[in-house]
Amino acid sequence: MCGRYVSARSPEDLVQLFQVTDWRAEEALAPNWNVAPTDEVWAVLERTPRGSDGAASVERELRPVRWGLVPSWARDVKIGARLINARVETVHEKPAFRRAFARRRCLLPADGFYEWQQIKAGDQGRPRKQPYFIHPEDDQVMALAGLYEYWRDPEIQRDDDPAAWLMTCTILTTEATDAAGRVHPRMPLALTPDHYEAWLDPHHQDPDDLRALLGSPADGRLDARPVSPAVNNVRNNAPQLLDEIAV
């Protein structure tokens, strides 16, 4: 399960880090230290330019998308709140994800993610959930493997109305390793740079080849530190959420 993460890098930094060729400054998102489901998040993806005849070359884009995948066949967007994660073991076969897995894959830049560990509070006290911030020890950006999808709002008549289309995403999760495994059994799956091109390429649609890219989380040690329970409230959003506390 990945239910919260941090995405605080500027879009200008992400454009350079991921070699993006298409980004619109008017779509800028503010830094977010407490990303929650249904928030807009940055996604790196590749697709042919809108309105092209299919012969145009693929462009690498940085786009804001809503976290919580809404399949094209969904009746409304509410289903997205339940589809924030897709298990790497079954993503290729689940009806909600298999089409996006074959054709619409993305990277979701993150500075780290939060997980919770249940801690006993003595013999008489009630157990509590302690949040941890988990991130690369070298503080490099994590490229979380994701999928994106388009959903057409049936209440809007014109296809060319931007409000008619909603782009949403989900994060792939795997068995936890390193420090993350001491906090929670699952974690988001991050890709290494040598796998970016193959993962993003919309023409790369062989399920077995794609699954081979997801064999293990990105190399690199992770650090987990306890942070304030303030992160439990989605309205709290500041760099101080990442400060280590004593437990």
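This is a short chat about a predicted model of one protein chain.

Q: What should I know before reading the numbers?
A: The model is predicted: local features need pLDDT of at least 70, side-chain atom pairs count only at pLDDT 80 or more, and totals for chains, interfaces and linings use all residues. Residues are numbered from 1 along each chain as its sequence is written, and side-chain values use heavy atoms, with hydrogens and water left out.

Q: How many helices and strands?
A: The protein chain has 5 helices and 12 strands. These are DSSP runs, numbered from the N terminus: helices are H or I, at least four residues, and strands are E, at least two.

Q: How much of the chain is buried?
A: 47% of the 247 residues. Buried means under 20% relative accessible area, exposed over 50%, partly exposed in between (1.4 Å probe, protein chains only).

Q: What about the largest nonpolar core?
A: It has 34 residues. F18, L107, L147, W199 and L214 have the most contacts inside it. A nonpolar core is a set of buried Ala, Val, Leu, Ile, Met, Phe, Trp, Tyr and Cys residues joined through side-chain atoms within 4.5 Å.

Q: Which strand gives the most to this core?
A: Strand 9, with 4 residues.

Q: And what is L214 in contact with?
A: Leaving aside neighbours within four places in sequence, L214 is in contact with V88, F101, A145, L172, L189, L191 and W199. Contact means heavy atoms within 4.5 Å.

Q: What does the second core include?
A: That separate core has 27 residues, including C2, V41, A110 and L222.

Q: New topic: what does the C-alpha trace span?
A: About 65 × 40 × 35 Å along its principal axes.
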